[in-house]
Amino acid sequence: MIISKRSAAALCGLVAALAVGLFPPAASADEPSGKPAPKVDLVLDVSGSMRARDIDGQSRMAAAKQAFNEVLDAVPQEVELGIRTLGANYPGKDKKVGCEDTAQLYPVGPLDRTEAKTAVATLAPTGWTPIGPALLGAAKDLEGGDATRRIVLITDGEDTCAPLDPCEVAREIAAKGIHLVIDTLGLVPDAKTRRQLTCIAEATGGTYTSVQHTDELSGRVTQLVDRAADPVVTPVATVGAARCADAPVLKAGLYSDREKFSEHRWYRVDVLPGQELRASVSVAADRAVDRDYGVLLRAVTVHGREIVRGSEAGDGRTDVISTGLRYPKPEADDDDGTASAGEAVCLQVSNSFSAPDSVKTTPGLPVELTIQVVDSPDEPSDVAAFGLGRGWWLLGLLVLTGLVAGLLWGWVSRWRVAVWRTN
């Protein structure tokens with residue numbers, strides 16, 4: 001019953017089926033959806049390095065302006081869009097002042113394309129690269145409401161305002177549970193810039209893209225803005241407890257949490273007789289971690305008796321590690337320690353991650369938990385048994401075939417020996 005690497009595809013299918021079942025298709029264009037308008041904040045680097053002329057024979061700033069004009073023409077009507085700059089106003093050498101140089105060029109709201117284009121046209125490469133402060137400012141630009149929110153960061157270099165690490169800023173934003181995604185685009189990036197922008201994106205579930213040409217920039221930003229307008233499955237933020245008795249009761253759905261290194265967290269799910277609990281968990285390694293790690297998902301009764309578990313282990317660098325389990329509750333209560341009618345099933349999520357001393361362990365690692373409760377299969381053969389499920393008949397056939405083949409080979413061998421002796 002343990003979901004292993006070979007069952008990764010099945011887990012993905014389970015999550016997809018759950019998403020389709022829980023979130024019906026969006027309303028047609030003629031019908032009011034009643035959903036809040038998605039919000040996007042474009043964060044543009046206007047630091048001095050944007051003067052470099054290495055994108056299609058023009059400066060990085062010129063390429064960004066051209067791409068922005070194309071993006072603004074293509075923004076869906078339902079999207080509320082804003083523009084924030086970093087390094088656009090202070091040309092001096094005072095680091096303290098330069099690292100505060102981030103401003104909202106165009107407020108997040110219904111888009112006036114002409115006004116937004118005019119604002120972008122006034123920009124000129126100027127100062128520092130305060131990515132961390134700009135991300136904090138963009139998060140404030142998008143505060144409030146339940147709308148889909150997305151930050152798209154476009155920069156040509158790494159942050160110059162340490163010790164405010166933009167990767168740590170992204171983790172803090174993700175830890176708030178507001179489901180704000182940050183996508184990053186690097187203009188002709190070097191290795192350090194690529195690592196930093198990848199870290200920022202991974203911390204919030206976003207994407208990183210390296211850009212070498214103007215059409216790549218406009219196409220990718222347009223794609224990300226369009227993605228914000230699409231209906232998505234947003235995990236519900238929850239907080240697991242230190243013990244089952246205090247655990248939050250979860251219904252079928254997708255949930256997110258944060259778990260400290262080597263921590264155990266508990267959740268509860270009501271499973272009635274004749275129902276089957278299907279659960280999966282993913283823990284993301286959004287920073288450097290030590291080798292040898294694992295994740296455990298256990299289902300136990302409220303009295304502490306283990307019902308079933310799923311586990312997975314890894315060795316080396318990975319972005320996410322997942323496992324899952326299935327528990328079909330009998331129609332009638334048994335005396336074998338399984339959960340009885342009216343009692344919840346307790347789910348324990350544990351991880352065995354550790355990190356080098358130089359790596360911050362706060363906030364905790366991102367956790368995504370999927371819960372599904374369905375009617376149990378009518379026949380026991382529908383439930384996986386020792387990982388084989390309906391494959392038992394195939395195994396039996398292979399064993400029988402091997403036995404018959406062995407007998408035939410033995411008979412043929414004896415006959416050949418007898419003939420040889422006779423001759």
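Buried here means under 20% relative accessible area, exposed means over 50%, and partly exposed lies in between (1.4 Å probe, protein chains only). Helix α6 spans residues 166-175 and is mostly covered, with 7 of its 10 residues buried.

Residues are numbered from 1 along each chain as its sequence is written, and side-chain values use heavy atoms, with hydrogens and water left out. Because the model is predicted, local features need pLDDT of at least 70 and side-chain atom pairs count only at pLDDT 80 or more, while totals for chains, interfaces and linings use all residues.

## The chain as a whole

The chain has 9 helices and 16 strands. Helices (H or I, at least four residues) and strands (E, at least two) are DSSP runs, numbered from the N terminus. Buried residues make up 46% of the 423 residues in the chain. Of the contacts between residues at least 6 apart in sequence, 75% join residues at least 24 apart.

## Packing of α2 against α8

Two packed helices are described by the angle between their axes and the distance between the axes. Helix α2 (residues 60-74) and helix α8 (residues 214-229) pack at an angle of about 35°, and their axes are 9 Å apart. Axes are lines fitted to C-alpha atoms, for helices over the stretch in contact, and angles run from 0 to 180 degrees between N-to-C directions. The crossing of α2 and α8 is right-handed; a crossing has this hand if the near helix is turned clockwise from the far one by less than a right angle, and is left-handed if anticlockwise.

On the α2 side, the residues in contact are A63, A64, Q66, A67, E70, V71 and A74, and they meet T214, L217, S218, V221, T222, V225 and D226 in α8. By class, this contact has 8 nonpolar, 4 polar and 2 charged residues. Ala, Val, Leu, Ile, Met, Phe, Trp, Tyr, Cys and Pro count as nonpolar, Asp, Glu, Lys and Arg as charged, and the others, Gly among them, as polar.

## Strand pairing

Strand β11 (residues 275-284) is mostly covered, as 7 of its 10 residues are buried. Two strands pair if DSSP finds at least two bridges between them. Strand β11 is joined to strand β16 (residues 365-375) by 9 bridges, and the two run antiparallel; S282 stands opposite E368 in β16. Strand β11 also pairs with strand β14 (residues 320-328) in the antiparallel sense over 9 bridges, where E276 has P328 as its bridge partner in β14.

Elsewhere, 5 strands form an open sheet of mixed pairing, in the order β8-β10-β15-β12-β13. Strands β8 (249-250) and β13 (306-314) stand at the edges, each with a single partner strand, so one side of each is left without a neighbour in the sheet. Within this order, β12 and β15 run antiparallel and are joined by 6 bridges, and the bridge partner of L296 in β15 is S350.

## Salt bridges

The structure holds 16 salt bridges, a salt bridge being a side-chain nitrogen of Lys or Arg within 4 Å of a carboxyl oxygen of Asp or Glu. In the pair R243 and D246, the closest N and O atoms are 2.7 Å apart. R265 and E263 also meet in a salt bridge (3.3 Å, N to O), and both of these residues are buried.

E306 forms a salt bridge with R309, with the closest N and O atoms 2.8 Å apart. E306 is partly exposed, at a relative accessible area of 32%, and R309 is partly exposed at 33%. D54, R60 and D156 are linked in a network of salt bridges.

## Backbone exceptions

Most residues other than glycine have a negative phi, and most peptide bonds are trans. The peptide bond from T362 to P363 is cis, with omega near -5°, and P363 lies in the loop between β15 (344-351) and β16.

V188, in the loop between β5 (180-187) and α7 (191-204), has a positive phi near 45° and is partly exposed, with a relative accessible area of 24%. D292 has a positive phi near 70° and lies in the loop between β11 and β12 (293-300). At 53% relative accessibility, D292 counts as exposed.

How values were computed
Contact means heavy atoms within 4.5 Å.
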